[in-house]
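The following note comments on the nonpolar core and the aromatic pairs of the structure shown below. Please read each point with the structure at hand.

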Amino acid sequence: MIVLYGFRHSYLLNHQIQESENKAFYKYHILKIILRGPTLSFLAAIFSFFFFPLSYMFLGLIVFFPLLSHLTKWFRSRILGQEEELPVDYFTSYLKEPLSKERVETFSDGVYAIVATLEDNVPDDNIVKDKYSGHLAEALREFSPSFLAYFGSFVTIGLLWFVHHSLFLHVTKATRLMTLLNTLSLAFIGGLPLAYQLTSEFAEKSYNEIEAIQISCVTIFFASIFQFSIWIAALFHEVETLHPFARYGGKEHAFMFAKLSLYPCVSLAVFCLTCVMSELSTTIFHLTQIIVPFAFLVLRIFVRIGLMMLNYIMSLARSKSNVLEEEEACLSPADVLS
C-alpha cells in the first residue's frame with residue numbers, strides 16, 4: 001500500500017525515479033521484491049498444516065532467495081553468456097550494497113534496551129507470605145542467585161552494547177553483510193538473559209549448573225564473534241565503510257581489534273576451563289564477570305604498552321639488519337665471495 005501510494009503521489013519518490021521514464025517498471029520491480037516475503041510466508045503457513053518441512057523451506061527462501069537469485073544471474077552471465085539488463089539500479093540484494101546506518105543503530109539500541117531488562121526476579125507477594133512468613137529479607141536472600149544472574153546479564157549486555165556503539169562510531173556506511181552479521185549478533189544477545197537465568201536455577205557445582213555456565217559462555221562467544229565479524233566485513237571495503245582512524249594502520253585500529261576480541265577470547269577461555277576444571281567452573285565464571293568490566297577500563301593502556309613493546313622489538317630488528325648491511329657494504333668483493 002505504501003508503494004502504491006508513493007507512486008500515486010510522485011513527489012514522495014526518489015528524484016531518480018521521478019525523472020525516470022520507466023516508472024511502471026520501477027513500481028512492479030519494487031512490488032515484486034516487497035511482496036516476495038509475505039507470499040512465501042503465506043505458503044509456509046498453508047503447508048504447515050499437513051507438511052511442515054516444506055513450510056520451513058519456504059521460510060528459508062525468504063532469507064536466501066536474494067542470494068539464489070544473484071547466483072542464477074551469475075550462472076546465466078558467466079556460463080550461458082546471457083546478460084540481463086535492468087533499467088533500474090535500486091532494490092538489489094548484494095551483500096556490499098549500502099544500507100541506512102542510522103536504522104541499523106536504532107534497531108540495535110532498541111534490542112539492547114529491551115533484552116537488558118527482560119528478567120523478572122521479584123518474589124511474589126503470596127510466596128513471601130506463605131513460605132517466608134511475610135519476611136521480605138529472607139525471601140530476597142533466597143532469591144539472591146536470581147538477582148546476581150540479572151546483574152550479570154545486565155552488565156554483559158551493557159558491555160556488548162558499549163562495544164557495538166564504539167564500533168559504529170567508526171563505521172561510516174553499513175552494508176547488507178554487516179547488517180546480517182549484526183542481526184545474528186542481536187539474536188544471541190537476546191538469549192543472554194535466559195542463559196544467565198539458567199545458571200541460578202540449579203544446585204551449586206551440579207552437572208546442570210556447569211552446563212548452564214557453558215551455555216552462557218557459548219551465547220556470549222557467538223554474540224561477540226559476530227560483532228567482530230562486522231568489523232572484519234567493514235575492513236574488506238574500509239575506504240567506503242570505515243573512518244580513517246579505524247582502518248588498517250589507523251591509530252584506533254589496534255584498539256578496536258583488542259576491544260572486539262576481548263569477549264570472544266574470554267568466553268572461549270572460560271568455556272575451556274569449565275570443561276577441564278568443572279569443580280571451579282562457578283568461581284571462574286563469576287570472577288570473569290568482575291574482571292571483564294575492569295579489563296575494558298585498562299584496555300587502552302595495555303594496547304599502548306603492547307604497541308610500544310612491538311615497535312621496540314621491530315626497531316631492534318631493523319637496527320640489526322642495518323648494521324649487517326653496513327658491514328657487508330664495507331667488505332671487499334673478494335671477502336663477500338669467500
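1. In this predicted model, the largest nonpolar core comprises 41 residues. Within this core, L167 and I189 have the most contacts.

2. Several helices build this core. At least two of its residues come from each of α5 (101-116), α8 (144-170), α9 (176-190), α10 (192-198), α11 (207-236), α13 (253-276) and α14 (281-330). The helix that gives the most is α11, which supplies ten residues.

3. Which residues does I189 touch once its neighbours within four places in sequence are left aside? The contacts of I189 are then Y112, V115, I157, L160, A223 and Q227.

4. Aromatic rings deserve a separate remark. The count of aromatic pairs comes to twelve. In one of them, the ring centres of F162 and F296 lie 6.1 Å apart and the ring planes stand at 90°; because planes over 60 degrees apart count as edge-to-face, this pair belongs to that class.

5. Are the two partners buried or exposed? F296 has a relative accessibility of 9%, and because buried means under 20%, F296 counts as buried. F162, by contrast, has a relative accessible area of 34%; this value falls between 20% and 50%, so F162 is partly exposed.

How values were computed: Residues are numbered from 1 along each chain as its sequence is written. This is a predicted model: local features need pLDDT of at least 70, side-chain atom pairs count only at pLDDT 80 or more; totals for chains, interfaces and linings use all residues. Side-chain values use heavy atoms; hydrogens and water are left out. A nonpolar core is a set of buried Ala, Val, Leu, Ile, Met, Phe, Trp, Tyr and Cys residues joined through side-chain atoms within 4.5 Å. Buried means under 20% relative accessible area, exposed over 50%, partly exposed in between (1.4 Å probe, protein chains only). Helices (H or I, at least four residues) and strands (E, at least two) are DSSP runs, numbered from the N terminus. Contact means heavy atoms within 4.5 Å. Rings of Phe, Tyr and Trp (its six-membered ring) pair if their centres lie within 6.5 Å; planes under 30 degrees apart count as stacked, over 60 as edge-to-face and the rest as tilted.
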